[in-house]
Amino acid sequence: MSPQHPWWTTLPPIPLRGVGTAMVESLDHYVHRMVWTVGISRSGLIALSSAGGSQSSNPSHPCALSGLSPYSESCIFGLERLTGVDQLRYGTLWVLKDVAGKLAFGRPARLRRWCPACYKEWSQEESWEPLIWAVQVFSLCPTHGCALESQCSACGAFQPANISLMRRRACTKCQSDLGGKGQRPAQSGFMAWVDRQVSDVIGLCATPGQAPVRADSFSIYMESLVERAKGREKVPRILKSHIKNTRCNSGPSKPSIRTMINMCALQGVSVLEMLLSPEGASSAPLLDLWNGYTILPFGPGPYGSKVGIVDWLLRKVIAKCRGFYLPPMECVLAETGLSRSCLRELNVDLYEDYESLYRTQAGPTKTYRLAHAFQIALDYLSNVDAPRLDRNLFWSLPKRVAPVAHLSSEEAEPACWSAVLYLRLARRAKERSENAYLDAMVDPPWLHGTSE
């Protein structure tokens with residue numbers, strides 16, 4: 001017998017909108033509605049809801065309501081007690097709390113996405129921001145067919161997630177209206193399939209009474225794929241990366257929704273099948289179609305812009321510096337602040353290609369000495385103007401770097417020449433971003449001729 005709600009609650013029992021559907025209201029937006037209703041700050045409301053729980057997290061951070069951590073769970077259950085509404089957990093990824101990792105949404109939690117047509121037609125009494133908007137690989141609004149946006153169309157500014165209810169539909173930088181007609185791009189069959197997978201996953205999370213998905217569902221599915229990959233000559237790079245990382249970390253890491261979709265696409269099975277019946281999903285006889293699958297590319301947005309810069313720069317560094325010295329990946333990532341784990345998640349093919357070339361270019365001792373010389377050369381070049389980064393430095397720089405690096409001029413030459421080339425490329429990279437959009441995805445072979 002379910003417990004009866006109290007006749008009186010600390011907070012008004014405002015219902016969560018869209019429960020039981022893939023368009024369920026995100027708990028983060030619900031909290032902004034509650035804050036507007038009762039006149040308390042968001043951080044104050046979260047702190048109140050988590051009273052008695054862990055105080056190690058930042059209550060103003062949007063991840064406090066993701067449903068993916070013990071602290072988040074204590075906030076959610078606290079809000080349910082304060083409101084008497086026992087369905088608030090279904091506006092989060094709480095159902096996936098034992099399966100999904102911290103990058104589950106695939107995008108920065110401090111920023112948001114929206115449908116411009118939804119914002120244009122907004123009704124304060126009936127509209128809400130659905131949880132599905134927060135999933136980076138979800139591309140088109142189900143209601144209007146608009147591409148979801150993450151930047152102001154007038155000034156290009158990204159919009160923070162933690163902004164008051166009445167200010168959410170205007171740009172925080174230039175005050176332009178974020179609503180509009182939007183763009184309605186043509187969508188490939190595969191991207192339509194991806195959107196359905198995300199809708200199904202959010203629909204599962206939004207189902208009242210749904211218990212958390214078993215913690216080992218993803219690992220069981222992946223273990224079967226890894227076992228069946230043994231002895232095969234051609235194995236998808238994303239699966240090879242999973243095998244290597246599992247060995248290095250002594251266990252599988254928790255995936256994002258994007259990774260779940262990528263892995264399920266190897267078999268042509270749905271993400272729901274993998275989550276609810278991993279043994280059956282991994283037994284589908286579709287491994288002969290692996291060679292036709294290319295992983296989901298990164299999309300527009302803050303992560304996408306950074307990956308676009310890193311993607312361009314890494315490829316150019318390989319092309320220009322490979323004959324001399326390839327610098328550590330950290331040098332390239334430092335240009336944008338992107339982490340290794342994020343690059344591996346968003347572009348595993350490029351990550352593995354670069355790492356393989358870097359590790360095999362020389363032995364450990366020589367690589368260390370070249371890396372030291374490369375850093376000294378970069379420090380020397382840091383104040384050199386762009387017009388002076390020419391071929392003359394190819395001959396003068398090694399003589400300056402060699403004594404400091406305790407190498408001969410001949411030994412220092414590869415690192416110095418690469419430093420000049422790298423710095424020229426890095427300065428160009430900051431002026432551009434060649435982003436790969438999700439609509440460019442090609443349908444995998446298993447999708448052809450299907451009704452889905």
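What share of the 452 residues in the chain is buried? In this predicted model, buried residues make up 52% of the chain. The secondary structure consists of 17 helices and 0 strands. Among contacts between residues at least 6 apart in sequence, 73% join residues at least 24 apart.

The segment before helix 1 (27-38) contains Leu16. With a relative accessibility of 8%, Leu16 counts as buried. Leaving out residues up to four places away in sequence, the residues touched by Leu16 include Val24, Glu25, Ser26, Tyr30 and Arg33. Gln87, Leu88, Tyr90 and Gly91 are also touched by Leu16. The C-alpha atoms of Leu16 and Val31 are 9.8 Å apart in space, and the two residues are 15 residues apart in sequence.

Glu80 belongs to helix 3, which spans residues 70-83. Its relative accessible area is 7%, so Glu80 is classed as buried, the limit for that class being under 20%. The side chain of Glu80 reaches the backbone nitrogen of Leu88 at a distance of 3.2 Å.

Lys97 is placed in the loop between helix 3 and helix 4 (116-120). The side chains of Lys97 and Asp98 are joined by a polar contact of 3.5 Å. When residues up to four places away in sequence are not counted, Lys97 touches Gly67, Leu68, Glu73, Pro212 and Lys254.

The cysteines were examined for disulfides, and the count comes to 0. Cys174 has a relative accessibility of 32% and counts as partly exposed. Cys321, by contrast, is buried, with a relative accessible area of 0%.

Cys321 is also a contact of Lys316, a residue of helix 11 (residues 302-321). Lys316 is partly exposed, its relative accessible area being 30%. Leaving aside neighbours within four places in sequence, Lys316 is in contact with Cys321 and Leu425.

Two packed helices are described by the angle between their axes and the distance between the axes. For helix 15 (residues 364-381) and helix 16 (residues 392-405), the angle is about 115 degrees and the axes are 9 Å apart. The crossing of helix 15 past helix 16 is right-handed. On the side of helix 15, the contact is made by His372, Ala373, Ile376, Ala377, Tyr380 and Leu381. Helix 16 contributes Leu393, Leu397, Arg400, Val401, Val404 and Ala405. By residue class, this contact between helix 15 and helix 16 divides into 10 nonpolar, 1 polar and 1 charged.

Backbone angles were considered next. Most residues other than glycine have a negative phi. His406 is found in the loop between helix 16 and helix 17 (409-429). At 66% relative accessibility, His406 counts as exposed, since the class applies over 50%.

Gln175 likewise has a positive phi, of about 70 degrees, although it is not a glycine. Gln175 lies in the loop between helix 4 and helix 5 (189-205). The relative accessible area of Gln175 is 54%, and this residue is exposed.

Definitions and conventions
Residues are numbered from 1 along each chain as its sequence is written. This is a predicted model: local features need pLDDT of at least 70, side-chain atom pairs count only at pLDDT 80 or more; totals for chains, interfaces and linings use all residues. Side-chain values use heavy atoms; hydrogens and water are left out. Helices (H or I, at least four residues) and strands (E, at least two) are DSSP runs, numbered from the N terminus. Buried means under 20% relative accessible area, exposed over 50%, partly exposed in between (1.4 Å probe, protein chains only). A polar contact is a pair of N or O atoms within 3.5 Å; within protein, one must be able to donate a hydrogen and the other to accept it, and residues adjacent in sequence count only if both atoms are side-chain atoms. A disulfide is a pair of cysteine sulfur atoms within 2.5 Å. Axes are lines fitted to C-alpha atoms, for helices over the stretch in contact, and angles run from 0 to 180 degrees between N-to-C directions. A crossing is left-handed if the near helix is turned anticlockwise from the far one by less than a right angle, and right-handed if clockwise. Contact means heavy atoms within 4.5 Å. Ala, Val, Leu, Ile, Met, Phe, Trp, Tyr, Cys and Pro count as nonpolar, Asp, Glu, Lys and Arg as charged, and the others, Gly among them, as polar.
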